[in-house]
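Reader: I have the sequence and the model open side by side. Could you walk me through the packing and the pocket?

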Amino acid sequence: MSAIASGANPAGSRPRRRKSKLGWNLVGLFVFAVAGFPVYWMLNTAFKPAKDAIDPDPSLLPTALTLSNFSRALNIADFWGPVGRSLIVSLAVVAIGVVVGLLAALAISRFAFRGRKIVIVGILAVQMIPLVAMIIPVFLLLNDLDQYDKLSGLIITYLTFILPFTVWTLRGFIVNIPKELEEAAMVDGCSRTGAFVRVVFPLLAPGMVATSVYGFIQAWNEYLYALMLLSQKNQTATVWLSNFSTKHGTEYAPMMAGATMMAVPIVALFLLVQRKMAAGLTAGAVKG
């Protein structure tokens with residue numbers, strides 16, 4: 001009887017597991033729908049006629065498709081200039097942030113020095129400060145350094161809040177790489193630098209890709225500092241979208257078309273590095 005009872009339990013648990021799996025799948029679909037609806041509505045508005053974009057009774061499905069909103073977005077103001085400046089700023093922030101952040105994360109993770117815990121706490125504390133609270137000090141500092149209305153000043157500003165994130169994230173990846181791998185390489189004749197380049201760096205590459213993507217997204221999408229620290233002639237892509245709000249009203253359809261074009265570099269970057277990014281997120285989530 002006990003054998004029969006024990007054999008019946010797995011069969012009875014299968015329907016429960018299926019229901020549980022179905023329930024989680026439904027939750028996942030709901031989250032996907034909530035997160036994806038703004039993107040869908042942006043695309044829907046970008047391709048619909050301008051008069052339909054301001055219809056008080058909008059339709060979830062497009063009734064007509066047009067490309068006129070994209071031509072209007074390109075003609076309302078210079079588009080490629082702001083996009084080029086955004087690319088310069090974002091790529092520079094990522095390049096400098098990853099190099100400096102990697103060295104700082106390596107020092108915090110692999111070396112014991114006085115004040116190490118204070119540095120770690122300081123990195124966390126910096127990320128807790130609201131960005132809006134630093135606008136006036138940053139403006140005054142850049143003005144004194146003759147960096148106001150310059151892309152270099154904006155790059156320095158972005159590094160102040162992207163570097164802590166980069167250091168903290170890369171530190172988590174480095175900690176998960178066993179020190180024994182470096183020690184074994186040094187026993188075989190590698191220097192500390194050689195052991196890092198040949199052993200640690202390849203294992204750290206997925207984490208660096210994931211960190212770089214998030215840093216790029218933060219720099220690309222930032223609006224407040226770009227608005228306050230740059231004049232109209234040096235505006236970035238996010239500030240460029242404000243050209244669609246005039247005294248006559250907001251042109252929602254061309255604005256959504258411009259936002260769609262702005263999203264293309266982010267989507268393209270994500271598609272190029274999605275495998276490395278997924279591997280990096282997994283490596284950072286599991287302690288080695």
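Reader: Leaving aside neighbours within four places in sequence, which residues is Leu-204 in contact with?
Author: Happy to start there, bearing in mind that this is a predicted model. Contact here takes heavy atoms within 4.5 Å. With the neighbours within four places in sequence set aside, the partners of Leu-204 are Leu-102, Phe-173, Ile-174 and Ile-177.

Reader: Which residues touch the most other members of the largest nonpolar core?
Author: This core holds 36 residues. Helices H1, H3, H4, H5, H7, H9, H11 and H12 each give two or more residues to it. The members that touch the most others are Leu-102, Leu-204 and Trp-240.

Reader: Which helix gives the most to this core?
Author: Among the contributing elements are helix H4 (80–110) and helix H9 (192–221). The one that gives the most, with seven residues, is H4.

Reader: Which helix supplies the largest share of the lining of the largest pocket?
Author: The lining includes Leu-102, Leu-103, Phe-111, Glu-182 and Phe-196. H4 and H9 each supply at least two residues of it. The largest share, four residues, comes from H4.

Reader: How many charged residues does that lining have?
Author: Arg-110, Glu-182 and Arg-192 are among the lining residues, and Asp, Glu, Lys and Arg count as charged. Beside five nonpolar residues and one polar residue, the number of charged residues is three.

Reader: How much space lies in the largest pocket?
Author: Thr-193 is one of the residues that line the pocket. The space in it comes to about 150 Å³.

Key:
Residues numbered from 1 in each chain as written. Predicted model: local features only at pLDDT ≥ 70, side-chain atom pairs only at ≥ 80, totals over all residues. Heavy atoms only, no water. Core = buried A, V, L, I, M, F, W, Y, C linked by side-chain atoms within 4.5 Å. Buried < 20%, exposed > 50% of the residue type's maximum accessible area, 1.4 Å probe, protein only. 1 Å grid on protein atoms, 1.4 Å probe; cavity = no way out; pocket = protein on both sides within 12 Å on 5 of 7 lines; lining within 4 Å. Points joined across faces, edges and corners; volume = space filled by probe spheres on them.
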